[in-house]
Amino acid sequence: MTPIRNDASTRNDITPGIDFPADSEGWSVAGRTLRSRLIVGTGRYDTLEQMRDSLDASGADCVTVAVRRERLYDRQGQNILDFLDLDRYILLPNTAGCYTAADATRAARLGREILRSLGNPGADWVKLEVLGDSRTLLPDPAETVRACRELVDDGFSVLCYTSDCPVTAARLKEVGAASVMPAGSPIGSGQGLLNRNNLRIILEYLKSDDPDYPVIVDAGVGTASDVSEAFELGADGVLLNTAIAHARDPVRMARAMRHAALAGRDALLAGRIPKRLYGTASSPEEGVISSRPYGSAADG
Amino acid sequence: MIRITVNGKPIELDAPMTVERLLDSVEVPPNYLAVEVNAHVVPRERYTDVTVGDGDEIELVTLVGGG
């Protein structure tokens, strides 16, 4: 690991030491090209129709799903698969709710089996999530690394949810995660990006010799500006669910998230100006028709 | 009479049966489902030759909304 360069005095909002590749036609995760940089969840919507319309408005081409027993039909006798266009979306099955590596790997294999039956390209992908605490929903780092290694050995492309700890993120990349997905803040909390510095360090560590390695900010997004912020920091993707599903108008929020992703990514590639302590005039200082009654306060 | 467990619930069957027959009793298209017998996934192509017998623990799962 290389230490972070501490040049934050003049460039305190950008991740140093990384040359971000310009967007041409999408971005790559686990050997697949995605057009949208948003990955959106399918949970917590009032209705499956609302979910379908929100996914459409988000522009995402990869959506997460969970693997569950019982309730093979919901109360209306509907199955989510009847509301997902499998020719349009890559389904990314998750291991949400698992607290041990053993349970998470079982869930991953069950998800793979369903997606194989459906002929969906997400069949060998898994969003690995191994929780360590039911209140914060923070991940268990030891179990997550163990499960990640086992699933990689079993042929999975593992997109791995983790905390914003840079050391854990580096370990997950070492054991073969196709993407490391640090949380901005606890799942469903809507607190946005709580530790920008850790996210910057993760981006620097994971991309230092491997600029195309995908880092996806997963969890904690509350509103559109959080998405823009993640992309401005240099994240390759953002995964979110509740911020859309529980917005007052989910379809409109999905559209806002789509725009925020485009805006944030463009801002990163355009290169923001440094923050300065003093003002710099945008209009010419010469040729002003009025006199200047005040100089600098420092002139006395 | 044999006893199996499906998704944590005890169920009685007249006799052992294949996974394929067991799935006939569920109103979900088989390609929406995955099946575990005693914590091992049964691949779809083996539904006709894997038999569920006394004491087996079955998990029958599908996809639901999630983040």
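In chain A of this predicted model, strands S6, S7 and S8 form an open sheet in the order S6-S7-S8 with parallel pairing. Strands (E, at least two residues) and helices (H or I, at least four) are DSSP runs numbered from the N terminus. Two strands pair if DSSP finds at least two bridges between them. S6 (125–128) and S8 (179–182) stand at the edges, each with a single partner strand, so one side of each lacks a neighbour in the sheet. Neighbouring strands are turned by 15 degrees against each other on average, direction ignored. S6(A) and S7(A) (residues 157–162) pair in the parallel sense over four bridges. A:Trp125 stands opposite A:Ser157 in S7(A).

The axes of helices H6 (residues 224–233) and H8 (residues 250–270) of chain A come within 7 Å and cross at roughly 25 degrees. Axes are lines fitted to C-alpha atoms, for helices over the stretch in contact, and angles run from 0 to 180 degrees between N-to-C directions. H6(A) is therefore roughly parallel to H8(A) (angles under 35 degrees). The residues of this contact divide into 11 nonpolar, three polar and three charged. Nonpolar covers Ala, Val, Leu, Ile, Met, Phe, Trp, Tyr, Cys and Pro; charged covers Asp, Glu, Lys and Arg; the others, Gly among them, are polar.

The mean pLDDT (the predictor's confidence in each residue, from 0 to 100) of chain A is 91, and 89% of its residues reach 70 or more. Over residues 1–16 of chain A the pLDDT is below 50.

Residues are numbered from 1 along each chain as its sequence is written, chains are lettered from A and ligands numbered from 1 in the order in which they are written. Local features need pLDDT of at least 70, side-chain atom pairs count only at pLDDT 80 or more, and totals for chains, interfaces and linings use all residues.

Technical notes:
Two residues are in contact if their C-beta atoms, placed from the backbone, lie within 7 Å. Angles under 35 degrees count as roughly parallel, over 145 as roughly antiparallel, 65 to 115 as roughly perpendicular and the rest as oblique.
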